[in-house]
Amino acid sequence: MLNASTITADSALSGATGWIDKRHDLRPFPTARTGQPEHGQHEIVGSSRAIRSVLDQINVVAPTDSTVLIQGETGTGKELFAQAIHRLSRRQNSALVTLNCAAIPGGLLESELFGHERGAFTGAMTQRIGRFEMANGGTLFLDEIGDMPLDLQAKLLRVLQEQTFERLGSTRTSRVNVRVVAATNRDLWRMVEQKEFRADLFYRLSVFPISLPPLRDRADDIPLLAQRFLAKFAERMNKVVNDIPAETMDAMLAYEWPGNVRELQNFIEHGVIVSRGPVFEMPAVQLQRQRGGLPREGKTLEDATRAHILQVLNDTKWVVGGKYGAAARLGIARTTLLSKMRRLGIESAADDLRERSTGRHQAFTSA
Ligand SMILES: Nc1ncnc2c1ncn2[C@@H]1O[C@H](COP(=O)(O)OP(=O)(O)OP(=O)(O)O)[C@@H](O)[C@H]1O
Ligand SMILES: [Mg+2]
């Protein structure tokens, strides 16, 4: 069931432009239907031209069964938009199954996707169905698709084209009806050129590509997002914090936000924690200190992600896990961060640091 706290209910019914106007009307926070404050998990906030254009595209493609490829830097909302596509689709009452290709070791990914029969490999004690079968009739969200090993890419292409596959250890062909939405923060075309990603799969996935703009290219959204996050965290922490000082807002508008909406959200959460009264107390200085720290000219998405993760690791003294570790700050699971670090070659950077600082080494390994 769709509900009014998501973008979906009205947008599905009223078409592309109607609902974005509605989003505008949602300010400060009542929902269209209930008039009550809502801070729904799936709510998409934004009124910039860039985000409106993305929302229009989502409205158009969601009701079809086409494969969608969502590209964008880390924290731009790829998962949130993938969920919106499912909720706006005819499959909304069936499962939305997610698989993060970066979080699962390459060797296990095939059985995660396609399932396996008992005894298919050492340790396969029971039969198990894979994500494609779980998503039958619904949507499969393949996150971090750029991390899928080449041999599996061929098998994925076959399911996308024919909707058929075999479980590991089985000769019986299974047929499914699954809509695939894929996402990546890597430059897939560059990976194709470097023969790390199959061109045929790339073309098959990019039937309908959606590019999520980085937050620095849609600064108009910052005040609205900040207000919405402020209300969300204040409510969650049972505090009254509702006033963002003009200089903090100016600093927020000028900052580059390499971690995009996720970083903004974490910044506001941090501020709400330390605020002692209705005035939001995160010092604007924090943003100035970081501003310009990440030159972006000529950078690829991967470079920007690497630089951002490195910066957060430095800030947390290379502590990855725990409440105050880098993973928590980035808003991702520790295992996801570790796999991103491996992929981006950040471990070797850690090794360099280890040589220079034993203290950091301990912090890093004990995390
Ligand atoms: N337009 C938006 N409105 C409200 N919240 C948003 C918006 N965009 C992103 N967020 C929030 O920011 C956080 C990061 O979004 P999400 O996980 O979808 O990013 P992502 O692009 O998948 O990042 P990554 O590449 O690191 O996985 C989430 O908590 C999400 O709810
Ligand atoms: Mg994501």
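Q: In which loop does N238 lie?
A: N238 sits in the loop that joins helix 9 to helix 10 (246-254); helices are DSSP runs of H or I with at least four residues, strands are DSSP runs of E with at least two, and both are numbered from the N terminus. The model is predicted, so local features need pLDDT of at least 70 and side-chain atom pairs count only at pLDDT 80 or more, whereas totals for chains, interfaces and linings use all residues. Residues are numbered from 1 along each chain as its sequence is written, while chains are lettered from A and ligands numbered from 1 in the order in which they are written.

Q: Why is N238 counted as exposed?
A: N238 has 6 C-beta neighbours inside 10 Å. With C-beta atoms placed from the backbone, a residue is buried if 20 or more other C-beta atoms lie within 10 Å of its own, exposed if 12 or fewer, and partly exposed in between. The count for N238 therefore gives exposed.

Q: What is noted about the phi of N238?
A: The phi of N238 is positive, about 60°, although N238 is not a glycine. Q163, also not a glycine, has a positive phi of about 60°. The loop that holds Q163 runs between helix 6 (150-162) and strand 4 (164-166).

Q: Why does Q163 count as partly exposed?
A: Q163 has 14 C-beta neighbours inside 10 Å, a count in the partly exposed range.

Q: What makes H270 partly exposed?
A: There are 15 other C-beta atoms within 10 Å of H270, so H270 is placed in the partly exposed class. H270 belongs to helix 11. Its C-alpha atom is 9.3 Å from that of E281, 11 residues away along the chain.

Q: Which residues of helix 11 are buried, and what covers them?
A: The buried residues are N260, V261, E263, L264, F267, I268, G271 and V272. Helix 9 (221-236) is included in what covers them, contact meaning that two C-beta atoms, placed from the backbone, lie within 7 Å. An α-helix has 3.6 residues a turn, so residues three or four places apart point the same way.

Q: What makes up the shell around ligand 1?
A: The shell has 17 residues, with T74, G77, K78, E79 and V261 the closest; a residue counts as near if its C-beta atom, placed from the backbone, lies within 6 Å. Five are nonpolar, eight polar and four charged, where Ala, Val, Leu, Ile, Met, Phe, Trp, Tyr, Cys and Pro count as nonpolar, Asp, Glu, Lys and Arg as charged, and the others, Gly among them, as polar. Helix 3 (78-87) and helix 11 (260-274) each supply at least two of the residues. Domain 1 (48-212) and domain 2 (216-366) each give at least three, with bounds from an automatic or database domain assignment.

Q: What is the largest nonpolar core, and which residues have the most contacts inside it?
A: A nonpolar core is a set of buried Ala, Val, Leu, Ile, Met, Phe, Trp, Tyr and Cys residues joined through C-beta atoms within 7 Å. The largest has 40 residues, and I58, I70, I85, L140, L142, V181 and A182 have the most contacts inside it. Elements that give two or more residues include helix 2 (49-61), strand 1 (68-72) and strand 3 (139-143). A second, separate core has 18 residues, among them M252, W257, V272 and F280. Leaving out residues up to four places away in sequence, L142 touches L99, C101, V180 and A182.

Q: Why is L96 partly exposed and not buried?
A: L96 has 19 C-beta neighbours inside 10 Å, so L96 counts as partly exposed. L96 lies in strand 2 (residues 96-100). Not counting residues up to four places away in sequence, L96 touches Q83, H86, G138, T139 and F141.

Q: What makes A251 partly exposed?
A: A251 has 19 C-beta neighbours inside 10 Å, and so falls in the partly exposed class. A251 lies in helix 10. A251 and L287 are 36 residues apart in sequence, yet their C-alpha atoms are 6.3 Å apart.
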